[in-house]
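Here is a short briefing to read alongside the structure. Have a look at the chain first, and then we can walk through it together.

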Amino acid sequence: MARRSDYEEGEATKRGHIKQRSKGSWSIVLDLGRDPSTGKRKQQWVTIRGTKKEAESKLAELQHQMDSGGYIKPSKETLGKFLERWLDDYISTQVRATTLEAYRQRGKHLINALGHIPLSELRPEHIHQYYREKSRFLSASTLIKHHNLLREALSHAVKWQNVVRNVAQAVDPPRVNRKEMKALTGSEVHRLLEACIDKPWYPIFHTLTCTGLRRSELLGL
């Protein structure tokens, strides 16, 4: 029967092994090779909660990343810190001040709700939960803007090798329920203009009905 040390040594030759910390908690120990300056073996410890099978599956995933050159050492940086860095160091150099402020307002919602999560531990379920909770206060169109910002930010996290994949791409944003527009009939327009003909805002309604301008366009005019 193989001794435990023999088992662990055999597993280590596969560039990693797992150890149980407590019930439902495991440590994945990755062998990163030897430090060229000291000659000592380097290890990366990753904690995972779940079953042994889930830990073994995660070990196999990390080993595959190492073999394919896609492994990225987990960082302690949180999503909140990354979003702030992304907005300050990158977005601020790419967009106008008014656009940057809109980005910051959307980012503030994400940071307040998800900012405490380590960037490397962000999962699709975290984002799903965010949409469920925020949908009670924000419209679907607003949440789509939040989704687009998060997806764009995480795409840069992948490019900058902070994370392996963009988890926002695995999440569908809320759907907007389009309402059918109903236009006034000719007689209804006539009655509307007659009702306000002696009012100070008559020129506004008259211009709107004759030109179809947007409210912002009319106010600008």
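Among contacts in the chain between residues at least 6 apart in sequence, what percentage join residues at least 24 apart? In this predicted model, the share is 54%.

**The chain overall**
- The secondary structure consists of nine helices and three strands.
- Going along the sequence, these elements follow the pattern α-β-β-β-α-α-α-α-α-α-α-α.
- The chain has 221 residues, and 28% of them count as buried.

**Where α4 meets α5**
- Helix α4 spans residues 97-114 and helix α5 spans residues 124-134; they pack with their axes 11 Å apart, at an angle of about 115 degrees.
- That angle makes α4 roughly perpendicular to α5.
- The two helices, α4 and α5, cross in a right-handed sense.
- On the α4 side, His109, Leu110, Ala113 and Leu114 take part, and they meet His126, Tyr130 and Lys134 of α5.
- Sorted by class, this contact of α4 with α5 has four nonpolar residues, two polar ones and one charged one.

**A look at Ser25**
- Ser25 sits in strand β2, which covers residues 25-34.
- Is Ser25 buried or exposed? Ser25 counts as buried because its relative accessibility is 2%, and the cut-off for buried is under 20%.
- Apart from neighbours within four places in sequence, Ser25 is in contact with Gln20, Thr47, Ile48, Arg49 and Gly50.

Note on methods: Residues numbered from 1 in each chain as written. Predicted model: local features only at pLDDT ≥ 70, side-chain atom pairs only at ≥ 80, totals over all residues. Heavy atoms only, no water. Helix = DSSP H or I, 4+ residues; strand = E, 2+ residues; numbered from the N terminus. Buried < 20%, exposed > 50% of the residue type's maximum accessible area, 1.4 Å probe, protein only. Contact = heavy atoms within 4.5 Å. Axes fitted to C-alpha atoms, helices over the stretch in contact; angles between N-to-C directions. Parallel < 35°, antiparallel > 145°, perpendicular 65-115°, else oblique. Left-handed = near helix turned anticlockwise from the far one by under 90°. Nonpolar A, V, L, I, M, F, W, Y, C, P; charged D, E, K, R; others polar.
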